[in-house]
Amino acid sequence: MGTIKAAVAPSKISVKQWVDRVLDDAKFNVPAAKASAYAPSNIALSKYWGKREASFNLPVTGSVSISLAGHGTHTKLCVIDGPKHQVTLNGKGLDERDSFVIKLSQWLDRVLPNNLKLGVTTVNTVPTAAGLASSASGFAALTLATNNLMGWNLPQHQLSALARLGSGSASRSLWHGFVKWHAGQLPDGSDSVAHPLEQQWPNLRVGLLTVSSHTKAVSSREGMARTIATSKLYKQWPQQAQDDLATIEAAIAMGDFETMAKTAEHNAMSMHATMAAAWPPLVYWQPESLAQMQKVWQLRAQGLPLYLTMDAGPNLKLLFEAKHQADVVSAFETVEIITPFS
Ligand code: 2P0
């Protein structure tokens, strides 16, 4: 990893100032007329849950994820005349008061020269019904497309940090395969960046099991803040997350499916336990989520090496190997199979 330019305490530097330092003169490059990029969605095997600093989206712990290949976000950018950025999501023009437009415009205004406004056309290839977070692939694709439009030519770790400013998990969505996001220690997050792991795992399968596609009542952002503020169980989380990350990283390097998947499931269940112990309690599961979880555990008790992970929502993500795909498909009729290393 190359030298990172900016490293000043947050009391002395704002996000905008940090961005200006990283972009330097490139901020004022003449933009191309248009540019585009794709970024995959990702699922954490060891989760990011809790921020040590909110304005830079700096996590309490590191995390490791698997990207979802063709499930992600395509973003096209073009320069427009007008006072505001214009955003289209899946073919529909969004109102400037839409929360997605507000977040996206804030990110663009931090990185672009004053008065440069863009048309942003975003298409999520993740089926909306799958309830996968689109903010990760969305901000990653936006970061890559803006890098192309503006000719920044930034190194990958700085693009990862810029994507993180939009949404923490976006720092991991710049790459395919396994990706590790370092917690970092610097107050401005210059070292809180992700990088891809070398290991390829062609036999790994992820199954998306949709329980509900409704927008969640409590965002991840709010849920993390509430958990840190009120959950006594959260005190044990940073240590477990650090241990799980090390175990999963080693298991990935060894190609040890059982250890990787077992630790990922334990990590997810422990994260949900910290949420349930928050006040007011935070439970993202639906009754059907629990029914599907019990089905996974029953199948496992019968000898099928099948594991689950869940994020801040009611849907399950199954982890298994290609040789068990037929068993998984026959047990879960609606499961959507993803081949991360296709
Ligand atoms: C993860 N999640 O590691 C964890 C597991 C949800 C549960 O990253 O506030 O949308 O934008 O940094 O990235 C969701 O959090 O939150 C998330 P912000 P983000 O995948």
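Reader: Hi! How do the residues of the shell around the ligand divide into nonpolar, polar and charged?
Author: In this predicted model, the shell has six nonpolar, six polar and five charged residues.

Reader: Thanks! And which residues are the closest to the ligand?
Author: Y48, K51, S167, S169 and R221 are the closest of the 17 residues that surround the ligand.

Reader: What distances do K51 and S167 have to the ligand?
Author: A side-chain N or O atom of K51 is 2.5 Å from a ligand oxygen. For S167, the distance from a side-chain N or O atom to an oxygen of the ligand is 2.6 Å. S169 also has a polar side-chain atom 2.6 Å from a ligand oxygen.

Reader: How much of the ligand's accessible area does the protein cover?
Author: The protein covers 93% of the 470 Å² that the ligand has on its own.

Reader: Which helix gives the most to the shell?
Author: That is helix α5, residues 220-230, with three residues. As for domains, domain 1 (15-196) and domain 2 (204-338) each supply at least three residues of the shell.

Reader: New topic: how many aromatic pairs are there in the whole structure?
Author: Five. One of them joins W18 and F56 edge-to-face, with 6.4 Å centre to centre and 85 degrees between the planes.

Reader: What does the pair tie together?
Author: W18 sits in helix α1 and F56 in the loop between β2 and β3, so the pair connects parts 38 residues apart in sequence.

Reader: Are W18 and F56 buried or exposed?
Author: Both W18 and F56 are buried.

Reader: Which residues form an aromatic cluster?
Author: F178, W201 and F341 make up one cluster. F178 and F341 are both buried.

Conventions. Residues are numbered from 1 along each chain as its sequence is written. This is a predicted model: local features need pLDDT of at least 70, side-chain atom pairs count only at pLDDT 80 or more; totals for chains, interfaces and linings use all residues. Side-chain values use heavy atoms; hydrogens and water are left out. A residue is near a molecule or strand if one of its heavy atoms lies within 4 Å of it. A polar contact is a pair of N or O atoms within 3.5 Å; within protein, one must be able to donate a hydrogen and the other to accept it, and residues adjacent in sequence count only if both atoms are side-chain atoms. Accessible areas come from the Shrake-Rupley method with a 1.4 Å probe; for residues, only the protein chains shown count as cover. Helices (H or I, at least four residues) and strands (E, at least two) are DSSP runs, numbered from the N terminus. Ala, Val, Leu, Ile, Met, Phe, Trp, Tyr, Cys and Pro count as nonpolar, Asp, Glu, Lys and Arg as charged, and the others, Gly among them, as polar. Domain bounds come from an automatic or database domain assignment. Rings of Phe, Tyr and Trp (its six-membered ring) pair if their centres lie within 6.5 Å; planes under 30 degrees apart count as stacked, over 60 as edge-to-face and the rest as tilted. Buried means under 20% relative accessible area, exposed over 50%, partly exposed in between (1.4 Å probe, protein chains only).
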